Amino acid sequence: MSKVKKAVITAAGRGTRQYPASSAMQKEMFPLVDTDGLAKPVIQIIGEEAINAGVEEICIVTQPGEEAQYLQYFKGMSKETLQAFKGKDWAIEASKKLEDFGQRLSFVAQDKPEGYGHAVYQARKFVGNDPFLLMLGDHIYISAAEQGGNCATQLIRKYESAGMEAMSAVQATPSNLLGQFGAIKGSITDPAKGIYRVEAIYEKPTAEYAAQHLRSSDLPPGMYLCHFGMHVFPPAIFESIEYHIKNNIREKNEIQLTNAQEYMRSRMLKGSYAACTVDGQRFDTGIPYGLMESQLALALAGKHRAEIVEAMARLLAEQLRSVAKR
């Protein structure tokens, strides 16, 4: 089995939920302060998650014409700028990492907004015959594993140890949130590692459909395995998406990745599709509340945690005093 050395990050969404800021820049370039205390765009935090998991090359799927904006950012300091940062070693080190990041990047454009599956399909030439890590351009991940590595590392290790052709990261999710995620029916095969054999995949099911068709035996009633936003796929996923494009098989008028996953699972992989839990949390930066929650989570997991906890305690105390006066 080949090692996972390539990643695809989809970042071609219009960012309508983050308007008006998304009219000024791509939502993937919104800044957050990472756990290391440095302010970075969302796409850099996601890309570093992949690089720290052993990925060597990254393909970003963008809207047409956006490649130049990414390239402008992902380069090191010019000689003139280096002079301005003289003595600030942390900034020079960050610049070197930024330049290294930029050298790993490739870009493909999604010409029309035809859905998530269609966006992934644009990266087929970059992937070639290799397995690859697929990530969303507006989700960040915070690992809770003390020694298991970041979330992408956990997924890739389980993929490699299980010997399956495809593996999706999943998280137990209550039924009232099913409308936000693709869901999986799984049969547990390795309880210690949280690995399931996938038996069905369905995009944003209703609670009634999930109760009938997507129950996983080891989960309590009302809980389901839902996508965590990262997968390791074989190149067969592109053949599956192509089947849906050529036959114009759409969900809500879009070429959905979830449909292609289910087709690949049932028709092409012959049972060699697994899912695994990941010790960590996902955060959606593509919506205003999610962006705020993402920043708060990064702050509480990062080097400035003590200062943030103190600030939160002060703000909450002021809120309580204000409420008490009413």
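1. Some ground rules. Residues are numbered from 1 along each chain as its sequence is written, and side-chain values use heavy atoms, leaving out hydrogens and water. Because this is a predicted model, local features need pLDDT of at least 70 and side-chain atom pairs count only at pLDDT 80 or more, while totals for chains, interfaces and linings use all residues.

2. Start with serine 272. You'll find it in the loop between helix 10 (257–268) and strand 12 (273–277); helices (H or I, at least four residues) and strands (E, at least two) are DSSP runs, numbered from the N terminus. Serine 272 has a relative accessible area of 13%, so it is buried (under 20% relative accessible area; over 50% would be exposed and in between partly exposed, with a 1.4 Å probe and protein chains only). Setting aside neighbours within four places in sequence, serine 272 is in contact with Gly163, Met164, Glu165 and Ala166, where contact means heavy atoms within 4.5 Å.

3. Now try glycine 137, in the loop between strand 6 (132–136) and strand 7 (139–143). Glycine 137 is buried because its relative accessibility is 1%. Beyond its neighbours within four places in sequence, its contacts include Ile9, Thr10 and Glu28. Have a look at valine 61 too: it is 76 residues from glycine 137 along the chain, and their C-alpha atoms are separated by 8.9 Å.

4. Next, the helix pair. Two packed helices are described by the angle between their axes and the distance between the axes. Helix 11 (residues 288–301) and helix 12 (residues 305–325) pack at about 125°, with axes 7 Å apart. Axes here are lines fitted to C-alpha atoms, for helices over the stretch in contact, and angles run from 0 to 180 degrees between N-to-C directions. Helix 11 and helix 12 are therefore oblique to each other (under 35 degrees is roughly parallel, over 145 roughly antiparallel, 65 to 115 roughly perpendicular, and the rest oblique).

5. Which residues of helix 11 and helix 12 meet? Leu296, Ala299 and Leu300 in helix 11 meet Arg305, Ile308, Val309 and Met312 in helix 12. By class, the residues of this contact are 6 nonpolar, no polar and 1 charged (Ala, Val, Leu, Ile, Met, Phe, Trp, Tyr, Cys and Pro count as nonpolar, Asp, Glu, Lys and Arg as charged, and the others, Gly among them, as polar).
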